[in-house]
Amino acid sequence: MPNSSLQPTPISAPKIAIIGAGLTGLFTATLLERAFSQMNEQKINDKSSIPEITIFEKSRSVGRLATRYRSDSLTDKNWQWAFGAQFFTAKSASFQQFIEPWLQTGLLQPWCAQVVSLTPMSANNQKPDIHLKEQWGSTQARYISTPKMTSWGRALADELQHSTIKFNTRVAPLAGYKQTLANKISNKTELFDENGNSLGHFDWVICTVPNGQAVELMADSGFSEYVKITEPTMQACYSLMLGWNENQPLPEALSRLDTAWDVAYVQDSIIDRIFIEHYKPEHHALLPSMTIHARNDWSEQHVDDDIDTIKAQLLAAAKRALNWNTESAPSQVDCHRWRYAATVTASHKEQLGVLVDDERQWIVSGDWCGQGNIESCYQIAAQTVAVIV
Ligand SMILES: Cc1cc2nc3c(=O)[nH]c(=O)nc-3n(C[C@H](O)[C@H](O)[C@H](O)COP(=O)(O)OP(=O)(O)OC[C@H]3O[C@@H](n4cnc5c(N)ncnc54)[C@H](O)[C@@H]3O)c2cc1C
């Protein structure tokens, strides 16, 4: 019997590793599958040209799309917070076309939020000042995934046909060039997990992790574009999650009859934006829930501070912004630190685009190679596919 593991894999059936199951990784797998199946349709139905894609994800879930919920034992209802990305845009025609099937099913929904500008209470205790700013959708649509922000990632993962996702698998830094050459079988790269176990040999390795983590993965690998990985700066973000009990009075800034709002851009504060979760489409069954994002520059300055101190500072800022008293103070308070949240893009600089080492067949990508948002994950994934197919 021939040992099949020694048989060279046909060049037309590449084995592809994707590091990271965030949206960049999931979009890349989806678009790769589509591109290969289109190629197959144009030729005879040649099974060997179907790629074998493995996505390695160190956590249990899908990247910076994150949802946290907590159940109230009294009412059996939930508080829920999208404490990572809150919404996304679809400005390009190609991304609009890509999201269309999920808009049809209702998994993705436009969020026509009423947006206000909010100046918190001043030192002499004047009430927060709230002005209507815009309604989303009037010029540029924003979308959310329902019932949770994570639902879209899970749907993308479920629809993959030739890809396997290995959760709880942290890929170890890629080996140096000489060592890699020695380990190479038919020009493939061998990946390992953090315990030194082999994860297999791959024709292409696509790394989609935030650039701070890509630096660690590629540091001693000899990746030809290594220097460029360090170019974009990513800043931190603290997310504060608040909840109120059923029938509890809400803070004054929320219960004004004259200005109903869904999203507030906060001025003169360490808080940047406030999002009311239970006002979002398909979220009305939730208990009153609110996600607050701190300013990125403030978060970055305090990225290594004690999380309880940060929570107390954000809570005090939220109280000034929302104006609660003992009765209307939130009953639920939680705080999360995102070490790599937002890409700082210098407007005069061109976006990096995907970084390719042709010789090793390694690609480094991620939202930070574009504008640092969900739409750029798609653009970056499309660029990656254009390199491989
Ligand atoms: C607080 C916050 C608010 C945001 N708001 C918005 C918004 O309103 N609109 C918008 O469009 N975008 C927003 N974003 C940005 C958006 O979330 C990102 O652009 C997008 O999720 C990035 O996806 P990604 O796949 O490139 O990276 P990630 O989602 O970070 O995915 C990378 C994955 O790689 C995994 N990983 C890392 N190292 C390894 C390893 N060694 N082995 C295996 N796996 C590894 C990580 O666990 C992670 O799951 C926000 C982000 C944050 C944090």
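User: In this predicted model, does N247 count as buried or exposed, given its C-beta neighbours inside 10 Å?

Analyst: The model is a predicted one, and N247 is placed in the loop between β14 (233–243) and β15 (263–266). Because N247 has 8 C-beta neighbours inside 10 Å, it counts as exposed.

User: What is the phi of N247, which is a residue other than glycine?

Analyst: N247 belongs to the loop that joins β14 (233–243) to β15 (263–266). Its phi is positive although the residue is not a glycine, and the value is near 70°.

User: Does V62 count as buried or exposed?

Analyst: V62 is in a loop as well, the one between β2 (52–56) and β3 (67–71). A residue needs 20 or more other C-beta atoms within 10 Å to be called buried. Because V62 has 26 such neighbours inside 10 Å, it counts as buried.

User: How far from the C-alpha atom of V62 is that of W152, 90 residues apart along the chain?

Analyst: Leaving aside neighbours within four places in sequence, V62 is in contact with several residues, among them T150, G153, R154 and A157. W152 is 90 residues from V62 along the chain, yet the separation of their C-alpha atoms is 9.5 Å.

User: How far apart are the C-alpha atoms of Q109 and D129?

Analyst: Q109 lies in strand β6 (residues 108–110), and with 17 C-beta neighbours inside 10 Å it counts as partly exposed. Not counting residues up to four places away in sequence, Q109 touches Y143, I144, T146, P281 and E282. Q109 and D129 are 20 residues apart along the chain, and their C-alpha atoms are separated by 30 Å.

User: Is the peptide bond from T146 to P147 cis or trans?

Analyst: T146 is one of the residues that Q109 touches, while P147 is found in the loop between β9 (142–145) and α3 (151–159). The omega of the peptide bond from T146 to P147 is near 0°, and the bond is cis.

User: Are α1 and α9 parallel or oblique to each other?

Analyst: The axes of helix α1 (residues 23–42) and helix α9 (residues 374–388) come within 8 Å and cross at roughly 40°, and the crossing is right-handed. Angles under 35 degrees would count as roughly parallel. The two helices, α1 and α9, are therefore oblique to each other.

User: What is the radius of gyration of the chain?

Analyst: The chain has nine helices and 20 strands. The globule rule gives 21 Å for 389 residues, and the chain comes close to this, so it is as compact as a globular protein of that length, with a radius of gyration of 23 Å.

Notes:
Residues are numbered from 1 along each chain as its sequence is written. This is a predicted model: local features need pLDDT of at least 70, side-chain atom pairs count only at pLDDT 80 or more; totals for chains, interfaces and linings use all residues. Helices (H or I, at least four residues) and strands (E, at least two) are DSSP runs, numbered from the N terminus. The radius of gyration is taken over C-alpha atoms; the globule rule is 2.2 Å times the number of residues to the power 0.38. Axes are lines fitted to C-alpha atoms, for helices over the stretch in contact, and angles run from 0 to 180 degrees between N-to-C directions. Angles under 35 degrees count as roughly parallel, over 145 as roughly antiparallel, 65 to 115 as roughly perpendicular and the rest as oblique. A crossing is left-handed if the near helix is turned anticlockwise from the far one by less than a right angle, and right-handed if clockwise. A residue is buried if 20 or more other C-beta atoms lie within 10 Å of its own, exposed if 12 or fewer, and partly exposed in between; C-beta atoms are placed from the backbone. Two residues are in contact if their C-beta atoms, placed from the backbone, lie within 7 Å.
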